[in-house]
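Student: I am new to this structure. Could you walk me through how to read it?

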2 protein chains.
Amino acid sequence: MMVPFHVLPDITGPTPVIDVDRVQDNIRGMADKARAAGVAFRPHFKTHQSRDIGRQFREAGVDAITVSSVAMAETFAADGWRDILIAFPFNLRELDRVNRMDPEIRLHLLVDHEHTIEALKTGLTRSVGCYLKIDSGYGRSGVRWDRPERIARMVLALNGPLSFTGFLTHAGHAYQAADSVEILRIVEKTCRRMSSLRACMTARDIRVPVVSIGNTPGCTLARRFPDVDEIRPGNFVFFDLMQWRLGVCEAKRLAFALVCPICGIYPERGELVVMGGAVHFSKEKLDLPDGPCYGMGIGMTTGGFGELQPDIRLVALSQEHGVVRAPESLLETVSIGDRLAFVPVHSCLTADLYPAYRTPDGGTVPRVNSVDLRGAAFRE
Amino acid sequence: MMVPFHVLPDITGPTPVIDVDRVQDNIRGMADKARAAGVAFRPHFKTHQSRDIGRQFREAGVDAITVSSVAMAETFAADGWRDILIAFPFNLRELDRVNRMDPEIRLHLLVDHEHTIEALKTGLTRSVGCYLKIDSGYGRSGVRWDRPERIARMVLALNGPLSFTGFLTHAGHAYQAADSVEILRIVEKTCRRMSSLRACMTARDIRVPVVSIGNTPGCTLARRFPDVDEIRPGNFVFFDLMQWRLGVCEAKRLAFALVCPICGIYPERGELVVMGGAVHFSKEKLDLPDGPCYGMGIGMTTGGFGELQPDIRLVALSQEHGVVRAPESLLETVSIGDRLAFVPVHSCLTADLYPAYRTPDGGTVPRVNSVDLRGAAFRE
C-alpha cells in the first residue's frame, strides 16, 4: 500500500497530489446537479485556488465564481474571470485595494453591517454588487433571517455605488451534523427560511434578485433547492475525510492526498513516523470512535488514486512529524525512505499550505496559497 | 483593548507582531539559565525561523543551533551559522541535498534506524555528526532508552563519514502534563533515564560525548539538568497560550501575537468576527474548562505588548473567519475596521504561516516559513 517507486520518484518531502480524473468528475457532477436543479452555479475557489483547475470549471460552463479574499479575487481576475464574489464580511481595511481592481469586473461584496454599507458608499470609487449576508441558523456572521425589518432597511440603504445582488447564507452547521439525513434537514430548513425572508421582502415591495446558499455537504446531498437561485459549494472539487465521514461522498471521489516519506518504523508499537506534521497537514482532526485521526492512507499509481485504507491512520501530529498507526502487514513491508499517501481531514486547509499540486503521472498544477498572497503585503 | 489606530496603521489583514524586548528577555533568560546550569545551549530555531532573531542568539553567546529540516539548515548556514543539528529522524530522500551543503559546516543528523545509518554510510560524500535519537518516554520516535544492547550496536556502527555526537531525546509528553509539578517530574525522569543509559554505555567502554534534551516547558521550569550536557528549547523565544496555560511562563513573557481586523460585531450573542481563521492561526486548540480557545486578546501600544485579556477569546475558527467572545464593554466600543491582537495557542505553527513579523513601532523582521521553503522544491 506504499506509493510505488515509479510514481513521482523525484519528490523528497511531503507533496500534495491530485487525481485529475476525480477532480474532473467532481466538477462535472456538481455542474450537472446545478443545471438539473435549475440553480446558478457560482463555485467557491478557496479550496483549489488554481487557475488551471479554474479553467476546468469554465469548460463545465461556469462563468461566475466565489472567493474569500480580495487577493484571491485579484488572482482569478488576472486569469479572465469577470464575475467574482468575495464571500467574506467585507474588511474595510481593503477598500483601496477593491478600488484598484479592474472596473470591468463585476465584483460582489458581502455585507451585514450598516457601518460597512455607509463606509463603502463614502469610500468606493467604483460600483459593486452587494450580497447581504443572512444568518439562517449557523450563528457565525450575518443578520438573523428572522429580522426582516432590519434586513429591509439595509437593502434600501444599498444605493450609490452599491447595488443589491441578493441574499447569501452559509449553513456551516452542516459540518456538525451527525449524518446525511441531518444535513438534508439543514438544507431544507435553510431553503425554507430564505424563502420566507424573500416573501417578507416581497410584501415590502423589495425584489430579491438572488438567493444564494453554500456548502459542499448540502449541495452534494440535496437534489432540490426550493426558491434558491444559486449554490456556492467549494470543497467538493477535492472532498476530504470530513466529507467522507459525514456520508457526503464515496471514497472514490476523494481527489486530494499528501504523499509523505517514511522516516521511522516502530513495529513494537505498531507505528511509523512520516515527515508530515502540522505544518504539512494543518491540525484539523476527526474524532473517530477509536481515537483522533489527522489523515488516512490511500493507494496511488501513475494512473490515479486507489482505495482508501482506513487501517493506515495518522493518529498524532507534531510540528513536522506524523505518527501513523498501521497494520503489521504494512509495517513488515516498508523501509525508511518509502512513501505513503494520506487523505487529509480538511483539504482546503492542507492544500493552502502549498504552492502547487503534483499529479501521479509526474505533472505539476500551480496554485496560489494564503502565505504567498499575504507575502505581497509585506513586500509592498 | 483595541490595537490603537497609530500602531501599525498600514496593515490591512491578519499580521504577526513580536514584542522585541520580550524576545530579547526570553533569549537572555534561557542563555543565562543554561550557563548557570552548566549545560550547552543549542536553541531550536523552528519557532522564529528568522535570521535577525538568530543574530540576537549569537549576541547572547550561542554558536550552535537546532533546526528541523534541511531547508532550514540551509537558511541559517547562509547566515553564517557553522554548527547545525537537523533534529528530525533523517529523511533519506534528502541525502543529495545534505551532500550539497558547505562541507565547512559542522552538520549533525538525527538517526534511530540501522537502515538509515547504512544508507548514510553508502550515500554521504561528506562527514556528519550523528545524534542517536533516544525515546525516553514520549513514544514518538527514537530507540527506547531501555534497549542498551541495540543502542550500543548502533553507536558502534557510526563510522566512515559518520561520527557519534551523542544521545538526543525530546520529552514531548511534557506538553500533556497537567501542571508545572508534573513537568518537573518529567524532566527529572528524563535526566535519570539518560544518565542510566550513559552508564550502560560506559560499562561497554562507549564514551557518550553529549547528552542533549529538548523542550521549552522542561528547560524553562527546571534549574538543574543532572548529567545532561546540552539543552535545545525553541518555543520559549515567543512562548504562547499553551505554555502560559501549563504554568511555564508568565503572561508578560508572551512575545508573539496576531493583529486581526474586526469585520463583524454581534452584540446580541456577545461575539465579534475577525479576519483571522485557520489559515491565519492554525487550528491548534486549548480545551479550557469553559470551552475551546484558539487565541486570547492582548493589549498593544507602539512600545510593546500589554496585558493578556483572558475574557477576549477566539472560540471558533473557520478557514478565514475567527469568532471572538468578548465582554459587553468591548463590544460597545469597537467599530468595524478596528483591530484586536491575539496570542495564539501554539506560536510555532502560527508564525510559520507568515513571511515576516512586524513590530509595534512599525518595523519589519523577515523570517522564512515552510510554505516558502517547500516552494523551492516545486521550482527546482
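Tutor: Begin with helix α3 (residues 70-77) of chain A: seven of its eight residues are buried, so the helix is largely enclosed by the rest of the structure. The buried ones are Val70(A), Ala71(A), Met72(A), Ala73(A), Thr75(A), Phe76(A) and Ala77(A). Buried means under 20% relative accessible area, exposed over 50%, and partly exposed in between (1.4 Å probe, protein chains only). Helices (H or I, at least four residues) and strands (E, at least two) are DSSP runs, numbered from the N terminus.

Student: What should I know about the model itself?

Tutor: This is a predicted model, in which local features need pLDDT of at least 70, side-chain atom pairs count only at pLDDT 80 or more, and totals for chains, interfaces and linings use all residues. Residues are numbered from 1 along each chain as its sequence is written, chains are lettered from A and ligands numbered from 1 in the order in which they are written, and side-chain values use heavy atoms, leaving out hydrogens and water.

Student: How many of the residues of strand β18 of chain A are buried?

Tutor: Six of the six residues of β18(A) (residues 339-344) are buried, so the strand is largely enclosed by the rest of the structure. Check both faces. Arg339(A), Ala341(A) and Val343(A) are buried on one side, and Leu340(A), Phe342(A) and Pro344(A) on the other.

Student: Which strand pairs with β18(A) over four bridges?

Tutor: Two strands pair if DSSP finds at least two bridges between them. Strand β11 (residues 256-266) of chain A pairs with β18(A) in the antiparallel sense, over four bridges. There, Val259(A) has Ala341(A) as its bridge partner. Strand β15 (residues 295-301) of chain A also runs antiparallel to β18(A), joined by three bridges. Gly297(A) has Phe342(A) as its bridge partner.

Student: Now the two chains. How many residues does each give to the contact?

Tutor: Contact means heavy atoms within 4.5 Å. Chain A gives 66 residues and chain B gives 67. Buried area is the accessible area (1.4 Å probe) that two parts lose on being put together, summed over both. Here it is about 5,600 Å², with 57% on carbon and sulfur atoms. Arg93(A), Arg140(A) and Phe378(A) supply 15% of the area that chain A buries against chain B, more than any other three residues.

Student: How many salt bridges join chain A and chain B?

Tutor: The general idea is that side chains of opposite charge can pair when their charged atoms come close. A salt bridge is a side-chain nitrogen of Lys or Arg within 4 Å of a carboxyl oxygen of Asp or Glu. There are two between chain A and chain B. The side chains of Glu284(A) and Lys283(B) form a salt bridge, at 3.0 Å, N to O. Helix α13 (residues 370-379) of chain A gives the largest share of the side of chain A that touches chain B, six residues.

Student: Which parts of chain A does the salt bridge of Glu230(A) and Arg42(A) tie together?

Tutor: Their side chains meet at 3.2 Å, N to O. Glu230(A) lies in strand β10 (residues 230-232) and Arg42(A) in the loop between β2 (40-41) and α2 (51-59), so the pair ties together parts that are 188 residues apart in sequence. Both residues are buried. A network of salt bridges links Arg42(A), Asp83(A), Arg106(A) and Glu230(A).

Student: How do I read a phi value?

Tutor: Most residues other than glycine have a negative phi. Leu8(A) has a positive one, near 45°. Leu8(A) sits in the segment before β1 (15-18) of chain A and is buried, at 2% relative accessible area. Ser282(B) also has a positive phi, about 80°, and is not a glycine. Look for Ser282(B) in the loop between α10 (278-281) and β13 (286-288) of chain B. Ser282(B) is buried, with a relative accessible area of 10%.
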